[in-house]
Amino acid sequence: MSYKKRKSKLAPFVPVIKTTMATPAWRAMSLGARLLYIELRGHLRNDCLNNGKVFLSCRKAAKAIGVRAGSVARWFVENEHYGFLRKTGEGFLGVDGRGIAARYRFTEFRYGTNPPTRDFEKWDGELFVYVSRRAGRKKQNPVSPNDTPRVAKRHIRKGSGESSVCVAKRHIDSSPGCVAKRHTSRSASGRGKLSLDQGSSTARAPVQAGDAGSSPAPVAKNPSRHSYEAIMSLVAGVVAEQLDAFDA
């Protein structure tokens with residue numbers, strides 16, 4: 001009776017070749033870069049047909065490994081430095097507004113019809129030193145909190161207790177009480193002024209020489225509202241004007 005030995009089928013796994021792990025480049029690479037290599041290796045097909053088209057965004061890789069996205073970006077560069085990865089396409093922003101991650105190829109596997117290059121075996125021994133892409137940018141100098149170079153004197157001075165005080169010389173002076181030169185050249189004649197009798201709300205027209213036809217101002221319709229002295233004063237004034245008119 002013959003027994004057929006069943007082949008054990010393993011669950012999906014990520015193989016890491018031992019000869020690759022034994023190279024000096026792998027030993028010199030940081031642990032984070034190794035974890036990223038293994039994480040990206042899980043996106044490569046077993047037949048390596050998608051080699052050169054493998055991609056993994058820094059955000060997803062950081063979430064899978066449990067680190068910041070900035071660390072993942074540094075580890076991608078480190079894998080390229082030691083020759084385990086080669087970038088085949090830069091990342092860019094898609095037409096729909098979503099970012100497209102960069103594409104990579106593994107140098108230890110064939111790429112299309114090309115044989116594996118295994119660049120990590122050609123490592124020259126130079127250790128990886130990460131240089132940020134923003135290092136070349138010139139940092140803008142912020143404006144001084146105390147003064148700006150364009151102002152000769154400070155507009156805001158500091159007083160006791162770090163409280164701001166007014167400037168020594170005001171930019172806008174206080175307005176004068178009255179104009180230095182009157183806009184009206186001369187005042188009206190005293191004869192032309194209206195005189196109001198105390199206690200009366202009516203006024204009489206000014207009397208000038210030769211004004212025979214001048215008429216007294218109308219008396220208030222309700223004289224009971226005014227005092228007796230005011231009424232008598234008003235009547236005396238009217239009589240005096242009439243006498244002056246007859247004498248003229």
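Guide: Buried means under 20% relative accessible area, exposed over 50%, and partly exposed in between, with a 1.4 Å probe and protein chains only. The model is predicted: local features need pLDDT of at least 70 and side-chain atom pairs count only at pLDDT 80 or more, whereas totals for chains, interfaces and linings use all residues. Residues are numbered from 1 along each chain as its sequence is written, and side-chain values use heavy atoms, with hydrogens and water left out.

Visitor: Why does Cys48 count as buried?

Guide: Its relative accessibility is 10%, and buried means under 20%; Cys48 therefore counts as buried.

Visitor: What makes Cys58 partly exposed?

Guide: Cys58 has a relative accessible area of 27%, so it is partly exposed.

Visitor: How many disulfides does a search of the whole structure find?

Guide: The search finds zero disulfides, a disulfide being a pair of cysteine sulfur atoms within 2.5 Å.

Visitor: Which residues touch the most other members of the largest nonpolar core?

Guide: They are Leu40, Val72, Phe76, Phe84 and Phe106, in a core of 25 residues. Helices H2 (24–28), H3 (31–41), H4 (58–65) and H5 (69–82) and strand S5 (103–106) each supply at least two residues of this core. Helices (H or I, at least four residues) and strands (E, at least two) are DSSP runs, numbered from the N terminus. A nonpolar core is a set of buried Ala, Val, Leu, Ile, Met, Phe, Trp, Tyr and Cys residues joined through side-chain atoms within 4.5 Å.

Visitor: Why are H4 and H5 called roughly perpendicular?

Guide: Their axes, lines fitted to C-alpha atoms over the stretch in contact, come within 8 Å and cross at roughly 105°. Angles from 65 to 115 degrees count as roughly perpendicular, under 35 as roughly parallel, over 145 as roughly antiparallel and the rest as oblique. H4 and H5 are therefore roughly perpendicular to each other. Cys58, Ala61, Ala62 and Ile65 of H4 make the contact with Ala69, Val72, Ala73, Trp75 and Phe76 of H5, where contact means heavy atoms within 4.5 Å.

Visitor: Which residues does Phe76 contact beyond its neighbours within four places in sequence?

Guide: Phe76 is in contact with Leu36, Leu40, Leu56, Cys58, Leu85 and Tyr104.

Visitor: What makes Thr117 partly exposed?

Guide: Thr117 has 29% relative accessibility and therefore counts as partly exposed. Leaving aside neighbours within four places in sequence, Thr117 is in contact with Arg105, Thr107 and Lys122.

Terms used
Axes are lines fitted to C-alpha atoms, for helices over the stretch in contact, and angles run from 0 to 180 degrees between N-to-C directions.
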